[in-house]
Amino acid sequence: MSTDVLFLENISLNMTRETLISSLKSIVEPYVQDQEAFENLSEETDFINDLKINSANLVDVILDVEDEFDIEIDNDAMEQMLSVKAALDIIESKLSP
Amino acid sequence: MIGNDLVDLQLAKEQSNWQRRGFLQKLFSKEEQQYIKSVGNPFHCVWRLWSMKEAAYKVIVQQEQRRFFSPSKLVCTILSEQEGEVSYEARTILTFTTQSNGSIFTTTNKEIKPWIGLQMNSVQRLSRFAEKLGVPVLGLEVRKNKSGVPNLFFNNQQMTSSLSITHHGRFEAFQYQTL
């Protein structure tokens with residue numbers, strides 16, 4: 001493939017990742033207890049340690065993610081879903097054919 | 001090692017719907033799900049069991065220094081109104097649950113009297129720790145290690161071997177063991 005095509009493919013993958021982050025932000029927002037961490041949300045952001053989301057609400061977040069993206073996150077996939085990056089990786093893997 | 005968890009039932013009712021599709025399956029084993037559906041007050045049962053899992057989880061994190069989210073693998077057995085146990089892999093952790101003022105409090109250590117009260121900010125909390133430890137507030141801090149495990153440090157010296165702080169809604173609670 002030419003480098004132009006690869007470049008465009010990379011842009012579309014990044015945009016998808018950003019769109020996912022944006023959706024994820026809306027999903028977690030009601031449970032966030034640290035506004036500053038939320039405003040500075042990045043892939044490294046941890047749901048419980050940084051956003052101070054109560055672990056009791058993590059299930060709600062995961063159920064909301066399932067509904068929003070129409071995917072199923074089984075308990076094994078859920079086990080390490082503690083950060084934004086982990087959530088995005090799981091969502092992407094469930095979305096890809 | 002101490003683990004505890006507090007649930008403000010009013011907030012739990014507002015924020016989560018235990019009857020939501022998928023909710024029980026993600027948190028509870030099949031046997032636990034059946035148990036919940038068999039009792040007179042399933043809402044209360046859900047949150048009692050949840051608090052048991054959380055309290056036990058906090059002990060496991062301190063012992064194994066790793067975090068994970070597998071509530072259905074922390075299997076609860078109710079022994080009495082207050083006593084219970086949580087099994088995870090090879091281990092069994094005993095729990096003790098009390099209820100007051102619309103909140104549920106579960107701890108793995110009933111020998112150490114918990115402080116339970118209204119939610120505080122970090123300055124107030126630190127003052128309370130300082131008061132109980134008999135040290136000045138200045139120099140006292142809660143430090144978390146890589147696994148998110150907190151302990152109290154005074155002038156960089158570790159004061160506690162185990163510290164468990166829990167807050168939810170209107171309330172918070174803590175217990176600790178000194179070194």
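1. Start with Leu41(A). This is a predicted model, in which local features need pLDDT of at least 70, side-chain atom pairs count only at pLDDT 80 or more, and totals for chains, interfaces and linings use all residues. Leu41(A) sits in the loop between helix H2 (35-39) and helix H3 (55-69) of chain A. Helices (H or I, at least four residues) and strands (E, at least two) are DSSP runs, numbered from the N terminus. Residues are numbered from 1 along each chain as its sequence is written, chains are lettered from A and ligands numbered from 1 in the order in which they are written, and side-chain values use heavy atoms, with hydrogens and water left out.

2. Leu41(A) has 16% relative accessibility and counts as buried. Buried means under 20% relative accessible area, exposed over 50%, and partly exposed in between (1.4 Å probe, protein chains only). Beyond its neighbours within four places in sequence, Leu41(A) is in contact with Ile21(A), Lys25(A), Leu51(A) and Val84(A). Contact means heavy atoms within 4.5 Å. Ile71(A) is 30 residues from Leu41(A) in sequence, and their C-alpha atoms are 23 Å apart.

3. Val84(A) leads on to helix H5 (residues 84-95) of chain A. The 12 residues of this helix should span 16 Å at 1.5 Å a residue, and the end C-alpha atoms are 16 Å apart, which agrees. The expected span is 1.5 Å times one less than the number of residues. Buried residues of H5(A) are Val84(A), Ala86(A), Ala87(A), Leu88(A), Ile90(A) and Ile91(A). An α-helix has 3.6 residues a turn, so residues three or four places apart point the same way.

4. Now chain B overall. Chain B has five helices and 11 strands. Its radius of gyration is 17 Å; a compact globule of 179 residues would have one near 16 Å, so the value agrees. That radius is taken over C-alpha atoms, and the globule rule is 2.2 Å times the number of residues to the power 0.38. The C-alpha trace spans about 50 × 35 × 30 Å along its principal axes. Of the 179 residues, 52% count as buried.

5. One open sheet in chain B has three strands in the order S7-S8-S9, with antiparallel pairing. Strands S7 (140-144) and S9 (157-158) stand at the edges with a single partner strand each, so one side of each has no neighbour in the sheet. Two strands pair if DSSP finds at least two bridges between them. S8 (residues 150-154) and S9(B) pair over two bridges. Phe154(B) has Gln157(B) as its bridge partner in S9(B).

6. Which strand of chain B holds Asn151(B)? It is strand S8. Asn151(B) counts as buried, at 9% relative accessibility. Setting aside residues up to four places away in sequence, Asn151(B) touches several residues, including Glu141(B), Val142(B), Arg143(B) and Gln158(B). Gln177(B) is 26 residues away along the chain, with a C-alpha separation of 9.6 Å from Asn151(B).

7. Strand S11 (residues 171-178) of chain B has six of its eight residues buried, so it is largely enclosed by the rest of the structure. Strand S6 (residues 115-118) pairs with S11(B) in the antiparallel sense over four bridges. Here Trp115(B) stands opposite Phe174(B). Strand S10 (residues 160-168) also runs antiparallel to S11(B), joined by eight bridges. His167(B) stands opposite Glu172(B). S10(B) and S11(B) form a hairpin with two residues between them. In the turn, Gly169(B) has a positive phi of about 60°.
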